[in-house]
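Visitor: I have a structure to go through with you. Can we take it step by step?

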Amino acid sequence: MSKVHVHIPVELVHAAAMSRRLVTRIRLRNEVLSRNNTKGNSLLGRSPRPISHIPFCCPQYSQRCGFSIGTSQLQSSTTSLDNNKDGLPLSGITVVSLEQAIAGPFCTRQLADLGARVIKVERPGQGDFNRHHDQRVKGMCSHFVWTNRSKESLALDLKQRGDLEALKKIVAKADVFVQNLAPGATERMGLGYETLKEKHPGLIVCDISGYGSTGPYRNKKAYDLLIQAESGFLSISGSPSQPAKAGNSIADIAAGTTAFNNILAAIIQRGKTGKGCRLDVSMLESMAEWMTFPLYYSYEGAPPPVQAGAEHASIYPYGHFDTGGGGTVMLGMQNEREWGIFCRDVLQKAALANDDRFATTSLRSKNRKELRAIIEEVFSAHEADDVLEKLQTAGIANAKVNDMAGLWEHPQLKARDRWTEVDTPNGLIPALKPAGAAEGLPVRMDPIPAVGEHNQAIFREFAIQR
C-alpha cells in the first residue's frame, strides 16, 4: 500500500497548535486517504499527492496563495460559526457570497448545510433587501429566514474603496465565490472571473443571473415571475382563462439548485486538477431544464400541454376531486391495471373499466369532463378522509389537499423528526432539517445572522484594518 506524505509548513504548524481539534481532522483525513490509496489510486481517482486540511486539496491549490489559504482556514475554525460543522462533507470549504433575493442565498444555504463556511456580504444598515419583503416570522422576512441560516454576515459598502479592497482580500482566501448581483456589477468592481482567475487559479466562481453572461438577453434584469413567463411555465399552468404562477419562487429555486449542484461538482473537479473554474448559471436555462417534459410534448410543432389547473395535462384521472362535506382529495393512476382496480374497488363500478369512452389513458383524458362527473357523484356520498382511506386500501396513489397549517402539522414530518429550531436575532424559530441528509452525519442548524454581525471577527481574522 502506498502512503500519502504530507508536508506541513511552519506557519501551519504554529496555527494548528492553537486548534487541537483541527489537527485531529488533518490526521484523520490523511489516515483515510492512506487506507484507500491502493494500486496507485487515491480517493480522488488520481495518483498520490500531498493534501492539507482542505478537502479535495492538491499541491497546486495549496500553493495558490503561498499557503495563506491553509492559515485562513485554521483561523476560521475558531472565529466562524462552528456548531455541528465537524464531520460534514464541506467542512473546511470557505464560500464568499455577494448575494441577494433567493437564488444565491438558497444555493449557499445548502452549501452551509453541508458544513461550508459561508460569508454573506450585505449592504451596511439594511442588508440584503430580501430581509424586508415581509415581517411574518417574529418581525423577520419569511424568504430570508428560509435561505440564510448558518451564515456569517459581513456588511460592506462596496462603493467605498476600503471596503472593496477588504472584500478582495477575503475572496483571495476563499474556495468559492458566488454572486447574483445585476449583470456586470462584479466586473466593474474588479471581481469578475477573468480578473480573479489570474491571481487565484484555484478559485471557483459561480455567477447566477437571469439569462447568462452571453447572448442578446445578457444585460436584461430578471426576477422569478419574469423567468416563469420567459420559460413558458405560465403557458402550461393555471387555466386557459387565468394563467397562474407557481406559489413559490420556482425559477429562483431552480437556479439556486443548479448552482449548488455545479459547485459541488467543481469542488470535486478541483480536487483532481487543482484548478478552479467559472460556473455561468442562468435562471432561464435552469427553468428550461425543468420544462423539458412540456417542451418535448410539443415536439415538432405538436400542441403543447393544456392548462389543466391542478390536473395532469395528459393523464386522467390524475388531479383533484370534490367529496362530500366540502372536502377535496388528490388521486392519480398511471396504467390500466390501476384503472381497473379504481373502478372495481373504489367506485364499485367494475363495468366502467370497459366503457369505450374510457378504455385508454388518452381517451380518459379526452373525455375527462364526463369521467369527472361520474367520479364526483360517487365521492359526494363520502367525506374526504373516507375517500382517502378507500383509495389507500385499494392501492391507488392519493393525497390530502393541505394548506400551510396542514403542512406545519403534517404527521409524516413529525413522525420522522424533521423539525428542529434555529436561532435568529429575534429568538428561536422552528425550522425543517435539511432534506436527504446522510444518516449518521450531524445536522447543522446555526443561527440566522443580523446585518454585519460578524464584521469585527472577520476583520480580525483577515487582518483588515478599520
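Visitor: Among contacts in the protein chain between residues at least 6 apart in sequence, what percentage join residues at least 24 apart?
Guide: 69% of them do, with contact meaning heavy atoms within 4.5 Å. This is a predicted model: local features need pLDDT of at least 70, side-chain atom pairs count only at pLDDT 80 or more, and totals for chains, interfaces and linings use all residues. Residues are numbered from 1 along each chain as its sequence is written, and side-chain values use heavy atoms, leaving out hydrogens and water.

Visitor: How many of the 466 residues count as buried, in percent?
Guide: 49%. Buried is under 20% relative accessible area, exposed over 50%, partly exposed in between (1.4 Å probe, protein chains only).

Visitor: Which residues of the largest nonpolar core touch the most other members?
Guide: V95, L111, V176, C206, I208, I263 and M287, out of 33 residues. Such a core is a set of buried Ala, Val, Leu, Ile, Met, Phe, Trp, Tyr and Cys residues joined through side-chain atoms within 4.5 Å.

Visitor: Which element gives the largest share?
Guide: Helix α11, with nine residues.

Visitor: And what is V176 in contact with?
Guide: Leaving aside neighbours within four places in sequence, V176 contacts I93, T94, V95, V96, L203, I204, I263 and I267. Another core, of 26 residues, lies apart from the largest one and includes L164, A166, I170 and F459.

Visitor: New topic. Is M404 buried or exposed?
Guide: M404 is exposed, because its relative accessible area is 59%. M404 lies in α18, residues 404-408; helices (H or I, at least four residues) and strands (E, at least two) are DSSP runs, numbered from the N terminus.
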